[in-house]
Amino acid sequence: MDGIDHLADERNKAQFDVDAMKIVWAGSRHAFEVSDRISKLVAADPGFRKDNRPMLGRNELFKNTLRKAAYAWKRIIELHLSEEEAAKLRFYVDEPAYTDLHWGMFVPAIKGQGTEEQQQKWLPLAYKMQIIGCYGQTELGHGSNVQGLETTATFDPQTDEFVIHSPTLTSSKWWPGGLGKVSTHGVIYARLITDGRDHGVHGFIVQLRSLEDHSPLPGITVGDIGMKFGNGAYNTMDNGVLRFDHVRIPRDQMLMRVSQVTREGKYMQSDVPRQLVYGTMVYVRQTIVADASCALSRAVCIATRYSAVRRQFGSQDGGPESQVIDYKTQQNRLFPLLASAYAFRFVGEWLKWLYTDVTQRLQTNDFSTLPEAHACTAGLKSVTTTATADGIEECRKLCGGHGYLCTSGLPELFAVYVPACTYEGDNIVLLLQVARFLMKTVSQLGSGKKPVGTTSYMGQIEHLMQCRSNVQRAEDWLKPSAILEAFESRAARMSVACAQNLTKFTNPEEGFAELSADLVEAAVAHCQLIIVSKFIEKLLQDIPGKGVREQLEALCNIYALFLLHKHQGDFLSTGCITAKQASLANDQLRSLYSQVRPNAIALVDAFNYTDHFLGSILGCYDGNVYPKLYEAAWKDPLNDSVVPEGYHEYIRPLLKQNLRTARL
Ligand SMILES: CCCCCCCCCC/C=C\CCC/C=C/C(=O)SCCNC(=O)CCNC(=O)[C@H](O)C(C)(C)COP(=O)(O)OP(=O)(O)OC[C@H]1O[C@@H](n2cnc3c(N)ncnc32)[C@H](O)[C@@H]1OP(=O)(O)O
Ligand SMILES: Cc1cc2nc3c(=O)[nH]c(=O)nc-3n(C[C@H](O)[C@H](O)[C@H](O)COP(=O)(O)OP(=O)(O)OC[C@H]3O[C@@H](n4cnc5c(N)ncnc54)[C@H](O)[C@@H]3O)c2cc1C
């Protein structure tokens, strides 16, 4: 617009090397270079324009998504992009589409649950997009309770086929993304029945539509489930409904890595745990944690830049008013979110490592870390998505009235993001899984079995149950040991209290249900400890770049002390800290805000988001917000005419009638 960087003064205040921080954020120089190159490529291509999304009707919106997905694929082929680059391109195109489920769930389900032979047959077709797949698990009647699914796959030994059937209305598949209008195939979860015996839920590859004319195959009824929350947003996705009427598939389309059905119809289980049928969910939950840091950092980038641009009150002698970012209340809402974005980034990196490690162990039939991987992915998915969804809404409020405009980018981001609290497992249901894992860990403490991994802190249970924090001055809260001890003792004491209360019930399941709210809180405390400790571990690594480590230390302390302040009820009631120490933590938090304030804009610049990806006038790099808002308003279709359509039908007659009444 005017070519001036309105945030230049803010950028000049930075006390650290922003380029070095960009590499820390990206994970490596290589990751940064790929991300930087691909984001610019997408931003420069008018084929990936997205600013009109909230204005489009469903059909137009969906067709536009189909066009973009096909165009993205064309560019991926033309540019010979690697798998990593192609994934980045889809990420920066920034539009939920059937391809998310094809690459994100269908392919991983075949990789994780298919035999070598099945992978060789199906993966090349999927990689070339000669078939398009979805993940068909949830039904109208059951989502969380996977064992409650009703779709059946009955083996017919006469023909060597499975008969896939939806016996009830509630067994209709409901929600799978990409299913409604696009997928040709699906990994469909159904109860396996052989010789009249029900062996529980298994995955099957089922063709849904003709590869010739896209019409549903005989016995298949399929469609979209309808509009979802928000304009644009997740409505680019065709979440679907699907019913089977005795659809026959060959026996070799049951995914048979975990268990097999022989030609004679004999059910056999490999020596791998049956929970591997849930493996795709573990994989996706892990990616959702990394995605949380992307969504939250995006909202925080918008709110931080706008908070530096926006001025309100406080003018002295006719000088400029105060930047709203200088209000302590604004900092107290914004900076913990900034710190959370970094915290989720690092815990996401660690979770990716954990997932890779468990996958490698599975190859060698070492299943020992699977329960922990399940608990960590479930718990961290839950805690990070809840905080991110709440954080995006807080960023909208931090931007005042303008945050409510679609051009702020925040309403759409919120609408797209909130279902992350539900999909891939409802957040409460997942925290209850963590709680079960914790209760099991506590119950084994007396048996001499040493807790490992993320529960290893429970190995010092005697100390954690009686220790008292020795913080005496606000600065003492900057010591990682002080923070870790407080978080470990809080988590341990909450788990032990739940375990003790559970013993009061004769029926453990009844006790678990009765105490479930406390159990969820204990699970949250455990997950927050993981995030804090992974941030602290990150700081033990070599971190090059002037001032980068100091900024990360400040953010780590803000993240931990903000949680401590927010959950001080837990810390106080379990006796881990005193009221005086809680107050000192708050004093330290305020001074950390002052330390971060001059660096705030540079800390969000380090995310390296293009204006195209941010999709926000309030968050634009140059901070030239007002002219852009003013110009965008005039582009609204409602301003195409000065006198609105409908004036003659609805406004003029009203005014005339009021005129007559007034004359009376
Ligand atoms: C502005 C534009 C921006 C654009 C941005 C675009 C972003 C796009 C991002 C897209 C990302 C994603 C797209 C979303 C796609 C969504 C897909 C889905 O939702 S798929 C469906 C997911 N469904 C669920 O998650 C169901 C949840 N339920 C379950 O997982 C289970 O049933 C559970 C965990 C509740 C268990 O229930 P139950 O108690 O019945 O247990 P079981 O008897 O089945 O098993 C008990 C035993 O197994 C252990 N267990 C359970 N799960 C697992 C597992 N996954 N791995 C390992 N072990 C597991 C459990 O702990 C028990 O162990 P035990 O030792 O016996 O105690
Ligand atoms: C946008 C979106 C995309 C999706 N994509 C797919 C897809 O591609 N493929 C697919 O198969 N599915 C998909 N799903 C479905 C999704 O996985 C389920 O909706 C999710 O697992 C939650 O299950 P539910 O809907 O049965 O919720 P419910 O379990 O019915 O939850 C309702 C309420 O009950 C509570 N509750 C349930 N059980 C318990 C319990 N045991 N204890 C305490 N409280 C409980 C929950 O906390 C929640 O508050 C998608 C969903 C959405 C919203």
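**Terms and what backs them**

Reply: Residues 480-656 are 71% helix and 0% strand, with end C-alpha atoms 73 Å apart. Helices (H or I, at least four residues) and strands (E, at least two) are DSSP runs, numbered from the N terminus. The model is predicted, so local features need pLDDT of at least 70 and side-chain atom pairs pLDDT 80 or more, while totals for chains, interfaces and linings use all residues. Residues are numbered from 1 along each chain as written, and chains are lettered from A and ligands numbered from 1 in the order written.

Me: What makes strand 4 and strand 8 a pair?

Reply: Two strands pair if DSSP finds at least two bridges between them. Two bridges join strand 4 to strand 8 (residues 240-244), so they meet that cut-off. They run antiparallel, and Lys-173 stands opposite Leu-242 in strand 8.

Me: Why are strand 4 and strand 7 called edge strands?

Reply: The open sheet has the order 4-8-7, and strand 4 (173-174) and strand 7 (220-224) each pair on one side only.

Me: How do you know which residues surround ligand 2?

Reply: A residue counts if its C-beta atom, placed from the backbone, lies within 6 Å of the molecule. For ligand 2 that gives 20 residues, with Gln-137, Thr-138, Gly-143, Ser-144 and Trp-175 the closest.

Me: Which element gives the most to the shell around ligand 2?

Reply: That's helix 12, with three residues. Helix 12 spans 427-443, and strand 1 (133-136) also gives two or more.
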